Amino acid sequence: MMKPGVFLLLLLLLFLQVCGSALGRCFCQVTGHLDDCTCDVETIDEFNNNQLFPKLQTLLESDYFRFNQVNLNKPCPFWTADSHCGLRDCAVKPCSPNEVPEGIRSSSHDKYSKEANEQLDECEHSKHLGAVDVSLSDETRAALQNWSKHDDEAERFCIVDDEESPDSQYVDLLLNPERFTGYKGPEAWQIWNSIYEENCFKPFAIQRPLMPSLFQSSGSEGQCVEKRAFYRLVSGLHASINIHLSARYLLDDSWFQRKWGHNVSEFRQRFDSEVTAGEGPKRLRNLYFLYLIELRALAKALPFFQQPSVRLFTGRPEEDQKHKELLLEVLQLARSFPLHFDETSLFAGDEKEAAGLKEDIRLAFLNISRIMDCVGCFKCRLWGKLQTQGLGTALKILFSERQIEALPKSSQQTRFQLSRQEIVSLLNAFGRISTSVRELRTFRSLLAEER
């Protein structure tokens, strides 16, 4: 019989062997409890891969969620972007009008809200009661509309004005998937440099990175929990994007075929602790933190989507009802997760200081969403805008708890609302994070085969 000391020594040697391999250098630290959370990596893996991911992917293939309205022609608001990526895989193919369901193309602002349309009809039948409204001057009406718009924008963490832009086009997300495009170099570096160095609350002691390999340094130590959380969200989003690029990489580009698949070398380049000065595994842990934040937002949004007035309107009643039921099923599943992130731990100090800190973070994330219009690769811009808008919508939900709780009793003017653009980006952004977590299982297996 083997002595306990010998057995422990063998276990230690096995651990060192695994952690010394590429598999270990990427994943040995991606386990156990996450900082600032009660949850662990293994619980998320099991819940996402075996329960949530399959239902969510089915939902995202529906017409309501696959057609995204986006303006890819906005000028960069921060610097002069002289050129756009000329690579074939950077291009985005927009939809022709007949490819988009009529219900989605409808110009009605409240097309997903049956209740809002019914209220409009009631108003038309009650014009004789509108004397007070008629007495308002055009200037006053315009001012009231601007105030309402300002109040709505004051709650947002991202720019979501593409629905109102005449330059917007519909894009089929299933036909324009996020994958490696070849977009890299100084222009791509400038995007991430601006995001991390100017909008991530990095301590002054951390020097500006002069090389792309220094991105995502763990510059969040010693910060308050709110700024640390913000940094980890951005790092987690960056990690998720890198996983997508590594999982859908152009492996073969010959005259008779184009083959996309998992590129293990690319994954190691981005997450191997040896290559990234120990940062790669931290980036992957930040991905799991991001997953918890967006999962929590989905759970909190359930009362909003349970309202009969909120419909996933495409003009096909039977399909719309079926997909609304599937959405509620996904949200109920999200709510059932046993170890949710506790957002009450954020902004819990002095009320005035907390309000100021929240506004700083909102403005910083708003800035990041505007930086997406500086991305030269149109496909990268499409998915960058979608995912930042989705995360911004998740933050809006998390910090609108009182409005969501008051939904049954609140008036039309003060009621919590989400536009179609916010709904589509919220679910698709989480779909990208969910896919990243699932792809990690594949990369673990591929790296294990290399040992």
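How many residues does helix α10 have, and how far does it reach from its first C-alpha to its last? The legends below take this up first.

This is a predicted model, in which local features need pLDDT of at least 70 and side-chain atom pairs count only at pLDDT 80 or more, while totals for chains, interfaces and linings use all residues. Residues are numbered from 1 along each chain as its sequence is written, and side-chain values use heavy atoms, with hydrogens and water left out.

**View 1. Helix α10, residues 225-247.** Helix α10 has 23 residues and reaches 32 Å, close to the 33 Å expected at 1.5 Å a residue (1.5 Å times one less than the number of residues). Helices here are DSSP runs of H or I with at least four residues, and strands are runs of E with at least two, numbered from the N terminus. Of the 23 residues of α10, 20 are buried, so the helix is largely enclosed by the rest of the structure; buried means under 20% relative accessible area, exposed over 50%, and partly exposed in between, with a 1.4 Å probe and protein chains only.

**View 2. The largest cavity, about 110 Å³ in volume.** On a 1 Å grid over the protein atoms alone, a cavity is a set of points where a 1.4 Å probe fits but cannot get out, whereas a pocket is an open set with protein on both sides within 12 Å along at least five of seven lines; lining residues have an atom within 4 Å of a point. A volume is the space filled by probe spheres set on the points. Among the lining residues of this cavity are E226, A229, F230 and L233, and α10 gives the most to the lining, with 4 residues.

**View 3. The second largest pocket, with about 980 Å³ of space.** Of its 40 lining residues, W192, H238, N242, L245 and R270 lie nearest the centre. Helices α9, α10, α11, α15 and α16 each supply at least two residues of this lining.

**View 4. F267 in the largest nonpolar core.** This core has 103 residues, and F267 is one of those with the most contacts inside it; such a core is a set of buried Ala, Val, Leu, Ile, Met, Phe, Trp, Tyr and Cys residues joined through side-chain atoms within 4.5 Å. Leaving aside neighbours within four places in sequence, F267 is in contact (heavy atoms within 4.5 Å) with residues including I243 and S246.

**View 5. L174, in the loop between β2 and α9.** At 40% relative accessibility, L174 counts as partly exposed. L174 and L60 are 114 residues apart in sequence and 9.0 Å apart in space, C-alpha to C-alpha.
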